[in-house]
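User: Can you take me through the interface in this one? I'd like the numbers with their cut-offs.
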There are 2 protein chains.
Amino acid sequence: MLQISLSPESGVPLVDQIVHAIRGQIEDRVLRPGARLAAIRQFAENHEVSRFTVVEAYDRLVAQGYVQSRRGSGFYVANRSLPASNPHPAPIASAAVDAAWLMRQALDAGAEGLRASAGWLPRSWLDEEGLRRQLRAMLRDEGSNLGDYGRPQGYLPLRQHLPFKLAELGIAVQPAQIVLTHGATQALDMAVHHFVRRGDAVLVDDPGYFSLFGLLRLHGARLIGVPWTPEGPDAAELERLAAEHKPKVYFTQSVLHNPTGACLSPANAYRILQCAARHDFHIVEDDTYCDLHPGITTRLAALDHLDRVVYISSFSKTLSGNLRVGFVAACPAITEALTNIKVLTSLATPEAAEDMVYRMLTEGHYRKYVERLRNRLGEASARTLRLADKVGLAPFIAPQGGVFIWTRIPGVDDAVALAARAAQQGIILAPGTLFRPQGQASPWLRLNVAYGGDVRLERFLGEALDAQG
Amino acid sequence: MLQISLSPESGVPLVDQIVHAIRGQIEDRVLRPGARLAAIRQFAENHEVSRFTVVEAYDRLVAQGYVQSRRGSGFYVANRSLPASNPHPAPIASAAVDAAWLMRQALDAGAEGLRASAGWLPRSWLDEEGLRRQLRAMLRDEGSNLGDYGRPQGYLPLRQHLPFKLAELGIAVQPAQIVLTHGATQALDMAVHHFVRRGDAVLVDDPGYFSLFGLLRLHGARLIGVPWTPEGPDAAELERLAAEHKPKVYFTQSVLHNPTGACLSPANAYRILQCAARHDFHIVEDDTYCDLHPGITTRLAALDHLDRVVYISSFSKTLSGNLRVGFVAACPAITEALTNIKVLTSLATPEAAEDMVYRMLTEGHYRKYVERLRNRLGEASARTLRLADKVGLAPFIAPQGGVFIWTRIPGVDDAVALAARAAQQGIILAPGTLFRPQGQASPWLRLNVAYGGDVRLERFLGEALDAQG
């Protein structure tokens with residue numbers, strides 16, 4: 001007979017207690033594979049619980065793979081050593097691997113890893129309690145859809161709300177021009193599907209968002225880097241490259257640009273749109289860091305009215321990276337094409353998550369919460385600039401907001417060696433080479449300001465740069 | 001002064017009452033754009049509520065776009081007529097539009113539309129109460145991740161559980177070989193990215209899953225249809241097509257095949273794997289309808305041990321299409337490549353949704369629930385076969401389970417005219433042409449058995465086929 005003591009008064013459901021106890025005995029090898037569990041009736045009598053309780057506990061153990069049911073014979077401890085699988089060759093090489101590698105490393109970093117170059121805020125900065133509150137509200141709302149597929153363009157109330165939000169940025173758009181997406185990343189993938197064919201020349205920011213570079217390479221694009229200045233893309237260089245390469249599209253980030261944190265100036269914006277018109281290319285404007293900008297700034301979509309510009313944004317940086325809610329807004333013809341691509345590549349996006357974002361945006365606290373985030377980022381940015389100054393890193397600019405400080409390591413051509421040493425100490429730094437379209441060497445380093453006050457980072461940079469200088 | 005009466009005793013929070021009342025007056029044009037709302041202090045005094053309550057209500061109205069705040073001046077009714085956007089050309093044509101069109105129509109069908117050909121179960125058949133229960137449990141669990149990005153391969157506990165589930169199907173796999181995806185559709189998209197380049201010949205089932213055809217066309221594949229028999233693909237024809245077209249990959253559904261409902265026979269499975277080895281192509285086996293099969297059946301992945309076979313499945317048909325949780329299992333090298341593609345095209349999948357699926361699978365009721373679903377589908381299938389017999393539609397087979405009956409309209413070459421007439425009456429039928437790789441004419445029709453007892457469908461088919469015969 002199993003040595004299990006149950007406490008009906010403990011508050012823990014009896015089923016949970018039985019499952020926990022038997023699982024423990026299996027894991028401790030007290031109960032070995034093949035051993036027969038007590039019959040349901042017998043277990044119920046021995047422990048003075050109902051048979052129903054035992055049936056449910058055994059069922060759960062079966063579902064969890066700890067126990068097997070043999071029809072007519074009873075329940076047996078399963079052999080949990082997984083069947084061996086056959087040997088396989090080493091991972092194949094891929095042109096897109098570098099960007100994916102860094103993303104995977106950052107996403108995979110355990111609690112102990114320091115994501116000093118991550119592209120997003122630490123979980124503790126987010127309003128998870130607000131998310132829980134809205135999830136509870138959604139659960140109370142019997143009408144909310146948890147089971148059925150969502151509509152092709154996404155949850156209608158959120159699509160109806162976004163035009164008001166975008167109007168504040170000067171972007172005029174109707175709900176019918178908006179497609180909700182699985183984060184900004186799916187929106188970018190859809191835009192690449194729409195605009196890019198294998199071998200096409202595509203303009204990108206240099207430096208720019210490495211995950212976009214990986215995505216474009218995956219689709220076979222030839223990347224043409226447009227040098228980035230503190231006022232946005234170098235317009236003269238853009239003109240020259242457009243004339244030479246005849247691109248169909250330019251992917252850019254005009255606000256709190258990743259990795260430099262710089263914003264497009266109004267005069268520059270006008271020149272870029274003129275260039276796009278002259279050379280007949282589209283612009284995909286990725287405004288992922290939108291809500292982290294504290295003031296008024298220029299967006300191409302606001303000037304162009306979604307004629308040549310496709311506008312992408314996301315709630316991953318302010319509300320939740322986990323929910324995976326972003327959107328794309330475009331002219332009706334491109335919206336139609338992007339919706340088809342969305343349906344073919346992902347069928348639909350989860351309305352439950354979109355409903356959550358809608359509730360977070362409209363229940364009234366979002367503005368205040370984002371204001372607090374911006375203030376906190378402002379302080380963290382100042383702290384990180386002081387750190388850079390102290391250890392001898394030279395910043396590209398002092399950004400107006402957002403998550404990044406782009407800093408140059410003095411006296412070296414490439415930051416890779418430093419990043420490799422950091423990785424050995426569990427500190428994930430993103431070296432500049434990753435942000436260059438052809439992976440050219442770069443002495444720059446992207447820092448996430450949320451980690452600018454971390455003593456491990458300060459100690460590492462102090463020692464590493466001191467040893468080098 | 002606003003004519004608003006508040007009921008502090010009603011149970012509805014005062015903030016909600018104020019928001020509701022003011023919004024109503026704005027929508028009814030009692031309050032017109034530009035009108036100034038009462039100052040916060042004044043409103044609070046007039047209605048005997050706290051200023052905090054008024055601030056929160058006004059904030060919410062601002063967030064919802066009904067009201068604008070002018071610094072230092074107060075709150076004004078916003079001009080809610082959206083800014084006009086500029087005129088645009090008509091939607092562009094796309095080779096992939098037909099499949100996307102049907103999916104969009106099915107996903108967009110309102111409550112009144114009859115999705116008589118849908119590829120999934122009606123929402124009312126799903127265990128939404130179970131989903132709510134698990135969501136509540138997840139909310140109580142403080143450790144559950146709502147804010148942060150998920151890991152690249154997906155939520156670990158679910159990946160650790162799936163091998164036990166797959167072992168019951170005879171498929172040997174380690175958690176490290178599993179990548180969780182945004183439904184089976186993202187898994188298919190990742191596989192297409194991995195295997196297919198523009199212009200490549202790709203083998204598909206004929207008839208087969210139209211949304212896959214659209215996805216493959218989007219990636220520029222040349223589709224080669226392998227005729228499908230009641231025992232699975234025609235092996236002799238497969239041999240001939242493989243020799244002629246030298247494909248790199250064959251996408252197939254071996255269990256409860258969409259649209260025919262047929263299953264692969266063991267002897268046929270062996271011949272197909274031999275053919276794949278001889279002509280050196282991979283097989284992507286889409287087992288989306290897996291859990292709806294009531295008995296034991298053959299899967300290529302079980303025979304091949306994920307050597308040449310990439311295995312895809314999903315929980316969209318049994319648990320929720322809204323959660324968007326599926327997975328792909330492959331050999332380590334392909335798993336590595338698919339993970340990179342996943343990160344580049346979508347960054348990560350939502351762990352919260354994956355946690356929900358994990359809880360649904362392991363809390364012990366899943367088996368019983370699925371058993372009930374299967375029984376219900378069995379009855380619905382019998383009913384739909386009787387309907388077919390009554391109206392004169394000839395079924396391809398009487399399937400062993402699942403969602404589909406594939407029926408032939410006698411005396412016509414193409415089912416499109418019938419489907420078009422049905423659509424006029426709000427009945428969505430999927431004509432056979434959609435399921436053919438080149439959109440060839442087809443007298444077949446896919447029926448979803450859940451709607452086989454609907455009187456509107458019976459009446460329509462009875463009249464339409466009678467008029468024709």
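User: How many residue pairs are in polar contact across the interface of chain B and chain A?

Analyst: The rule finds 40, with both residues at pLDDT 80 or more. A polar contact is a pair of N or O atoms within 3.5 Å; within protein, one must be able to donate a hydrogen and the other to accept it, and residues adjacent in sequence count only if both atoms are side-chain atoms. This is a predicted model: local features need pLDDT of at least 70, side-chain atom pairs count only at pLDDT 80 or more, and totals for chains, interfaces and linings use all residues. Side-chain values use heavy atoms, without hydrogens and water.

User: And how many salt bridges between chain B and chain A?

Analyst: Four, counting a side-chain nitrogen of Lys or Arg within 4 Å of a carboxyl oxygen of Asp or Glu. One such bridge pairs the side chains of A:K368 and B:D59, at 2.9 Å from N to O.

User: What area do the chains bury between them?

Analyst: About 9,600 Å², with 59% of it on carbon and sulfur atoms. That is accessible area (1.4 Å probe) lost on putting the two parts together, summed over both. On the chain B side, B:Y149, B:N322 and B:L344 lose the most area to chain A, together 9% of what that side buries.

Definitions and conventions
Residues numbered from 1 in each chain as written. Chains lettered and ligands numbered in written order.
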